[in-house]
Amino acid sequence: VQLQASGGGLVQPGGSLRLSCAASGRTFSNNAMGWFRQAPGKEREFVTAISWNGGRTYYADSVKGRFTISRDNAKNTVYLQMDTVKSEDTAVYYCAASRYAVTSREGFNYWGQGTLVTVSS
């Protein structure tokens, strides 16, 4: 079972970036999926989560209105659209799968390897 995050890179403040997380080895169509991030010298923090069918989404206050999570169960992939990025969004972003179908922050027990996002001019 593998969660492969991609799409990270260097982006200027105010710019946009889209991260993808492709699952392989099993389907996660019945599981909530989420994105977390860890900035240098800080603990990993919750960013956003989406329920198994996309019907519910949850966002940290720091990204609400700027980031959008979505999923395509046919492709076993979850996305994170990052708009109006700020320097404080710089971090390694991890995708994760929860053992629950609907959750904001609980039960995430499968983790991807992370992709680095750097916001800088």
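Which strand is joined to strand β1 (residues 2-6), and by how many bridges? I looked this up first.

**Entry: basis.** I am working from a predicted model, in which local features need pLDDT of at least 70, side-chain atom pairs count only at pLDDT 80 or more, and totals for chains, interfaces and linings use all residues. Residues are numbered from 1 along each chain as its sequence is written, and side-chain values use heavy atoms, with hydrogens and water left out.

**Entry: strands.** I took helices (H or I, at least four residues) and strands (E, at least two) as DSSP runs, numbered from the N terminus. I called two strands paired if DSSP finds at least two bridges between them. Strand β1 is joined to strand β3 (residues 17-24) by 5 bridges, and the two run antiparallel. Within this pairing I found Leu3 with Ala23 of β3 as its bridge partner. I then followed β3 to β8, with which β3 pairs in the antiparallel sense over 6 bridges. There, Leu19 stands opposite Leu80 in β8.

**Entry: salt bridges.** I counted a salt bridge where a side-chain nitrogen of Lys or Arg lies within 4 Å of a carboxyl oxygen of Asp or Glu. The count by this rule is 4. I noted that a network of salt bridges links Arg37, Glu45, Arg66 and Asp89.

**Entry: Arg37.** Which residues form salt bridges with Arg37? One is Glu45, with the closest N and O atoms 2.6 Å apart. Another is Asp89, where the closest N and O atoms are 2.9 Å apart. Arg37 lies in strand β4 (residues 33-38) and Asp89 in the loop between β8 (77-82) and β9 (91-98), so this pair ties together parts that are 52 residues apart in sequence.

**Entry: Arg66.** I found a salt bridge from Arg66 to Asp89 as well, the closest N and O atoms being 2.7 Å apart. Arg66 sits in the loop between β6 (57-59) and β7 (67-72), and Asp89 in the loop between β8 and β9, so the pair ties together parts that are 23 residues apart in sequence.

Entry: Is Arg37 buried or exposed? I used relative accessible area with a 1.4 Å probe and protein chains only: buried is under 20%, exposed is over 50%, and partly exposed is in between. Arg37 is buried, at 5%. Asp89 counts as buried because its relative accessibility is 0%. Arg66 is at 10% and therefore also counts as buried. Glu45, at 35%, counts as partly exposed.
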